[in-house]
Amino acid sequence: MFLLLKYTLLYTVVLMLVALGGMFSERSGIINIALEGIMVIGGLIGVIAMKLMPAGASPAAIVIAAVSAAALAGMIYAALLAFASINLNADQTIGGTALNMLATALAMVIAKGFNGSASAKLDYSNRPFVYDFGPLTVNVFLFIGIAILLLSYFVLYKTRLGLRLRACGEHPQAADSVGINVYKMRYIGVLISGVLGGIGGLAYIIPSVSSWNFEVGVSGAGFLALAVMIFGQWKPFRIFFAAVFFALFKSMANIASSIPFLESLGWTQNMYNMIPFIASMVILAFTSKKSRAPKAEGVPYDKGAR
Amino acid sequence: MDKNKSFISRLASSEGFLSVAASLICIVIGLLLGVVVLAIIEPAHAINDGLLVIIQSGLKSPRNMGTVLANAAPLIMTGLSVGFAFKTGLFNIGAAGQYTVGAFGALYCAIVLQLPWYICLLAAMLLGAVWGAIPGFFKAYLNINEVITAIMFNWIGLYMVNDIMYGKGASPMYDLQTTKTFSLRKAAPGSMIPSMGMSDLFGGTKWGTASVRPLESVTIAIFIAIIFAIIVYVVLNKTTFGYELKACGFNKNAAQYAGINDKRNIILSMTIAGALAGVGAGLYYLSTVAEWNPQVSTALPAIGFNGISAALLACSNPIGTVFSSLFISYITVGGTKLSTQYYTKEIADVITALIIYLCAFSLLFKNRIRGLLQGKKRGVGIGKGGEA
């Protein structure tokens with residue numbers, strides 16, 4: 001049972017962080033399909049930063065270094081999406097898809113280069129990141145995640161920045177007419193998504209295992225987060241609950257064989273993996289009429305449009 | 001006005017010329033950025049052991065050429081799939097999922113049912129079509145973006161196919177020894193796409209010498225793919241049906257007003273796109289380029305996503321897709337020939353991805369070229385012409 005709780009917490013935090021990132025981007029009007037790629041790059045740079053820390057560094061220093069490196073890398077990578085879709089009016093989905101493909105390839109090149117061998121597998125110690133509370137193992141990202149959830153809610157709904165950001169995603173021309181810089185707001189939205197996506201990537205890779213093969217990227221976690229965001233209707237707390245729901249099934253897929261009750265059902269890992277995707281399609285089908293998607297998402301901002 | 005100038009201005013207004021020029025610019029910049037990446041990793045070898053290997057290897061020997069062709073055939077199909085959807089205003093990011101279920105259809109009919117290859121190909125096509133129709137249905141009747149549905153069904157398809165093919169290790173399709181599906185060469189030779197001498201033609205390791213051993217993965221698949229490209233071109237450009245589909249893509253409301261059934265057309269477009277991707281999987285697995293590995297359940301087949309690259313590079317033109325697929329396949333094979341002492345093969349993927357990133361703003365390149373050709377006088381105020 002503790003195992004289930006542990007994995008559910010772990011995946012909840014990952015999916016929530018990345019989905020919140022996606023939310024900021026989409027609320028500002030930019031579809032961020034590149035979340036998967038951002039996670040890969042963030043995770044990779046975070047792991048490398050951790051490995052580059054001197055041997056005697058304190059656990060806190062290692063955590064801070066890895067997390068900030070991941071956040072920074074994610075942000076820089078997201079800037080590529082922002083540049084293409086905001087400055088050059090490129091198709092956001094295509095730009096994002098290209099960045100996803102680039103991320104996996106680039107990660108393998110970097111990981112192999114870092115290893116100096118033909119293997120894209122990086123080994124590391126995750127001790128600085130995990131804490132034991134009796135039988136329950138909790139990782140540092142749980143606390144980061146809760147803080148970011150509360151902060152996201154506050155920023156999005158209680159600050160001027162959040163209001164402006166949301167306005168740009170709903171009706172950028174109207175926002176512009178009252179003096180809001182749409183380009184700047186959209187940049188902020190995408191860069192925040194890069195930061196959260198990067199941290200999410202590290203949170204996905206580090207806590208559970210002590211080596212990661214970058215050949216698999218983050219195995220679709222970014223796309224799952226995209227589903228979490230839609231399931232959560234682009235709202236912070238709903239995203240949290242959606243993340244819990246998705247995480248529960250994802251953890252069951254991992255540990256089904258070690259829990260007698262679940263094992264007796266005879267379901268395979270693939271079936272558990274499938275459920276969140278099917279569930280989100282069903283929910284989407286029933287809620288599509290009153291979808292809360294930002295109205296202007298995916299549309300390049302054209303100052304002259306009426 | 002002299003003749004020369006009118007020729008240039010004709011070029012400037014030719015959408016086809018501008019598209020080709022923009023794609024070539026993307027390729028050149030992509031390759032240059034690739035050199036930068038190579039130089040960062042190992043500066044001394046960037047040109048001779050890096051770039052030149054990538055852009056020359058494909059032609060070095062018949063075997064390499066054969067590998068390029070074998071990998072290009074399925075890529076042409078997924079490229080056509082994505083391109084067809086683009087032409088009708090839809091983004092088929094689901095090609096990877098349609099390809100996956102198509103692969104299942106082909107392999108099931110081949111290994112379990114031992115059917116002839118064309119029936120297997122048909123099964124791949126049908127399953128791909130079903131998987132493509134789903135996002136179309138969701139788009140037409142529930143107004144859910146096809147990108148979202150397609151992404152979800154990519155993963156649903158992947159997990160489902162893996163589950164059936166593995167069957168807890170007891171599936172009749174799963175070979176415990178290789179941890180992959182059974183090789184058709186042994187398990188179902190009757191279901192392989194005929195080679196018609198292609199395997200021997202591309203068997204040699206040096207030009208001009210006879211085949212050492214046949215390269216079995218080279219079959220008539222490449223010709224099948226080219227025939228499909230021609231069919232798609234004719235349907236899109238020479239038939240009323242294709243015109244209606246494109247009209248929906250340009251402006252759904254106008255098409256509706258003109259009496260075109262837009263809901264039906266959206267579903268049909270996605271169904272056809274899915275069928276094309278399914279055929280791609282059939283061509284790949286029935287040519288035994290590789291076997292399916294149901295245990296690696298974490299990755300969707302790359303050919304599905306590379307189809308997006310092929311379509312974008314060709315500006316969705318079906319005939320152009322043949323060339324862009326050959327090009328992508330060519331540099332991918334080039335990447336595998338890089339000396340592992342200095343570089344890894346994924347550099348070729350980096351270059352492809354960079355080219356696609358650049359393609360995302362090929363419209364900008366197009367307008368630039370147009371501006372340059374037309375000179376300053378007409379270069380301004382062109383606005384956003386052309387299609388996506």
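How many residue pairs are in polar contact between chain B and chain A, both at pLDDT 80 or more? The count is three. A polar contact here is a pair of N or O atoms within 3.5 Å; within protein, one must be able to donate a hydrogen and the other to accept it, and residues adjacent in sequence count only if both atoms are side-chain atoms.

Some ground rules before I go on. This is a predicted model, where local features need pLDDT of at least 70 and side-chain atom pairs count only at pLDDT 80 or more, while totals for chains, interfaces and linings use all residues. Residues are numbered from 1 along each chain as its sequence is written, chains are lettered from A and ligands numbered from 1 in the order in which they are written, and side-chain values use heavy atoms, with hydrogens and water left out.

I start with the two chains. Contact means heavy atoms within 4.5 Å, and by that rule 41 residues of chain B touch 43 residues of chain A. Between them the chains bury about 3,700 Å², and 80% of that is on carbon and sulfur atoms. In chain B, the residues that lose the most area to chain A are B:Met152, B:Tyr159 and B:Tyr357, together 18% of what that side buries. Buried area is the accessible area (1.4 Å probe) that two parts lose on being put together, summed over both.

Which salt bridge joins B:Glu346 to chain A? Its partner is A:Lys112, with N to O at 3.0 Å. The term covers a side-chain nitrogen of Lys or Arg within 4 Å of a carboxyl oxygen of Asp or Glu. The count between chain B and chain A is one such bridge. B:Glu346 is buried, with a relative accessible area of 2%, and A:Lys112 is buried too, at 9%. For these labels, buried means under 20% relative accessible area, exposed over 50%, and partly exposed in between (1.4 Å probe, protein chains only). A:Lys112, B:Lys345 and B:Glu346 are linked in a network of salt bridges.

Next, the make-up of that interface, again from the three residue pairs in polar contact between chain B and chain A. On the side of chain B that touches chain A, helix H6 (117–142), helix H7 (146–166), helix H14 (302–313) and helix H16 (346–359) of chain B each supply at least two residues. H7(B) gives the largest share, twelve residues. By class, that side has 29 nonpolar, seven polar and five charged residues. Helices (H or I, at least four residues) and strands (E, at least two) are DSSP runs, numbered from the N terminus. Ala, Val, Leu, Ile, Met, Phe, Trp, Tyr, Cys and Pro count as nonpolar, Asp, Glu, Lys and Arg as charged, and the others, Gly among them, as polar.

Now to chain B itself. Its domain assignment gives domain 1 (1–42 + 343–388) and domain 2 (62–340), with bounds that come from an automatic or database assignment. Taken over C-alpha atoms, the centres of domain 1 of chain B and domain 2 of chain B are 28 Å apart. Each domain puts 15 residues into the contact. Together domain 1 of chain B and domain 2 of chain B bury about 1,300 Å², 73% of it on carbon and sulfur atoms. B:Tyr343, B:Thr352 and B:Ile356 supply 33% of the area that domain 1 of chain B buries against domain 2 of chain B, more than any other three residues.

Between these domains the rule finds zero salt bridges, and one residue pair is in polar contact, both at pLDDT 80 or more. On the domain 1 side, helix H2 (15–41) and H16 of chain B are the elements that give two or more residues.

Last, two pairs within chain B. B:Arg185 forms a salt bridge with B:Glu216, the closest N and O atoms being 3.2 Å apart. B:Arg185 lies in helix H8 (residues 184–187) and B:Glu216 in the loop between helix H9 (198–201) and H10 of chain B, so the pair ties together parts 31 residues apart in sequence. Both are partly exposed, B:Arg185 at 34% relative accessibility and B:Glu216 at 37%.

B:Glu244 pairs with B:Arg264 in another salt bridge, at 3.6 Å between the closest N and O atoms. That pair ties H11 to H13 of chain B, since B:Glu244 lies in the former and B:Arg264 in the latter.
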